[in-house]
Amino acid sequence: ALIYASQSVAPQQLTEARELNVINSLEGKVAGLQISQSGSGVGSASRVTLRGNRSISGDSQPLYVIDGVPTLGAPEDLNPDDFASIDVLKGSNAAALYGSDAQNGAIIITTKKGRSNQVHISLNNTAMLQQADLGNNFQNIYGQGTSGVYQSGAAYSWGPKMGGQTVANWTLDPSRAGETYSLAPQPNNVMDIFQTGYSLSHNLQLSLGGKNTQTFFSATSTEASGILPNNNLLRNSALARITGNLSDKFTFDTKLSYTRQQTDNPTRQSDNNFNPMQQIYTMPRNIRTQDAQKYEFPNSQGVMQQDFWAPGVSSTAENPYWLLNRNISNDLLGRFTGLVSLKYDFTDDLNLMIRTSYDRIDDSYEQKDYDGTLVRALYGRYTKTISNNYIFNNDFLLSYKKKFNTDWAMDVHAGGNSKKL
């Protein structure tokens, strides 16, 4: 007997507090499942492990199986409204069901389909808000400078105590040369950068079922904005599934789905000098929001340049408002999946299933760094990356089930699979 741990999750739990990345909705609902969310803003990717890491150098993430077919990577852009059931297989023995790809466990998702002799229409709208929680208490005693002395070009707050004394403004704009201001604490200069994020989701479902053919259709539109300005997401998806009987012995199952997602300005992470978070948290405590927001000025040739309080201090130093508005990027993703499955019952005990599926992801990433970006793109930079990935699965399964009496039964399966990447 094959023994493995399994746990089910009710699909309704994933739509009550909807996540843009549906995988994140599993957090706290499955014992032994760990989800590490990235900090790249709306719709960011996640890393999932079941019962901890299983490989030092390899991938410890589980296999994702949708309607019996392995997918191309994590289905982070799927619509939870389309889920009929979710089962998590934790044991490594589950690899016997789906091969070595499932050695780290498997997350099994079954999508909805139409029901015989029923008509059902539903509309679901969800709205969520998000606010930044900094979790840090910033000191508001010492201002910009070093060794207790004010320096307008310093990156950190090791200067004098702020008592409202008049000091030179840090601006590099020649038209503001000689400008002064009061050296006073700015307790909200970090929080002023953030905004209230939101996500809106609209889902329409139609289920039609006759005696021999059942149809399910779902369309979803999602838009979201992150807690940092200009970080936006727009996702549109559609799914159509038709099931039915060609005869008393012959059944079929077909499915098509398409998702188009555009993400504007996903937040760069870690010590990347285009990561606005490290610029935000290290902002000197006397920098006024109204000054920082004037992040650019025209040079003698009329080309806009970055205005920043500490140019040249390090290769990772930039005005965060410049990063959010002049180091821009967008990611355009298209995902198409198709499935055709046929099953023929030779007898009540013997049947043959033949199935083919296709999963394709086309991704285009574009990055624009404006002229004036310090150190790494002084004269501007443009980058575009295009990737195309697909998985083409074909499999068959011959099954024989026979119950002899209340104590004895036989269940035999033989099959094969071919996969092209």
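The paragraphs below lead through the sheet, the cores, the aromatic pairs and a few single residues of this structure.

The model is predicted, so local features need pLDDT of at least 70, side-chain atom pairs count only at pLDDT 80 or more, and totals for chains, interfaces and linings use all residues. Residues are numbered from 1 along each chain as its sequence is written, and side-chain values use heavy atoms, with hydrogens and water left out.

We start with the sheet. Strands (E, at least two residues) and helices (H or I, at least four residues) are DSSP runs, numbered from the N terminus. Strands of a sheet pair through backbone hydrogen bonds, either parallel or antiparallel. Here two strands count as paired if DSSP finds at least two bridges between them. Nine strands form an open sheet, in the order E8-E13-E14-E15-E16-E19-E20-E21-E22, and the pairing is antiparallel. E8 and strand E22 (409-420) stand at the edges with a single partner strand each, so one side of each is left without a neighbour in the sheet. From one strand to the next the twist averages 10°; for such angles, axes are lines fitted to C-alpha atoms (for helices over the stretch in contact), and the angles run from 0 to 180 degrees between N-to-C directions.

Now follow part of this order strand by strand. Strand E15 (residues 232-245) is joined to strand E16 (residues 250-264) by 14 bridges, and the two run antiparallel. They form a hairpin with four residues between them. Across this pair, leucine 234 stands opposite glutamine 262 in E16, and leucine 239 stands opposite serine 257 in E16. E16 is also joined to E19, by 15 bridges and again antiparallel. The bridge partner of phenylalanine 250 in E19 is tyrosine 344.

E19 (residues 327-345) runs antiparallel to strand E20 (residues 350-373), with 19 bridges between them. E19 and E20 form a hairpin with four residues between the strands. In this pair, leucine 332 has serine 364 of E20 opposite. E20 in turn is joined to strand E21 (residues 377-403) by 22 bridges, and these strands run antiparallel. Asparagine 351 has serine 399 as its bridge partner in E21. The hairpin of E20 and E21 has three residues between the strands, and in this hairpin valine 375 takes a positive phi near 65°.

Next come the nonpolar cores. A nonpolar core is a set of buried Ala, Val, Leu, Ile, Met, Phe, Trp, Tyr and Cys residues joined through side-chain atoms within 4.5 Å. Buried means under 20% relative accessible area, exposed means over 50%, and partly exposed lies in between (1.4 Å probe, protein chains only). The largest nonpolar core has 26 residues, and those with the most contacts inside it are Ile193, Phe194, Leu228, Ile280, Ile287, Phe308 and Trp309. Strand E12 (180-183) and helix H5 (320-326) are the elements that give two or more residues to this core. Its largest share, three residues, comes from H5. A second, separate core of 17 residues includes Val9, Ile23, Ile35 and Ile66.

Isoleucine 287 touches Gln144, Trp170, Gln186, Asn189, Ala292 and Trp309, leaving aside residues up to four places away in sequence; contact means heavy atoms within 4.5 Å. Phenylalanine 308 and tryptophan 309 are both buried.

What about the aromatic rings? Rings of Phe, Tyr and Trp (its six-membered ring) pair if their centres lie within 6.5 Å; planes under 30 degrees apart count as stacked, over 60 as edge-to-face and the rest as tilted. The structure holds nine aromatic pairs. One of them is formed by phenylalanine 308 and tryptophan 309, tilted at 50° between the planes and 4.9 Å centre to centre. Elsewhere, Phe336, Tyr358, Tyr390 and Phe392 form one aromatic cluster.

Two loop residues remain. Arginine 288 lies in the loop between helix H3 (276-281) and helix H4 (289-292). Arginine 288 touches Asn169, Tyr181 and Gln186, not counting residues up to four places away in sequence. The side chain of arginine 288 also makes a polar contact with the side chain of aspartate 291 (2.7 Å). A polar contact is a pair of N or O atoms within 3.5 Å; within protein, one must be able to donate a hydrogen and the other to accept it, and residues adjacent in sequence count only if both atoms are side-chain atoms.

Asparagine 136 lies in the loop between strand E8 (119-130) and strand E9 (145-146). Asparagine 136 is partly exposed, with a relative accessible area of 43%.
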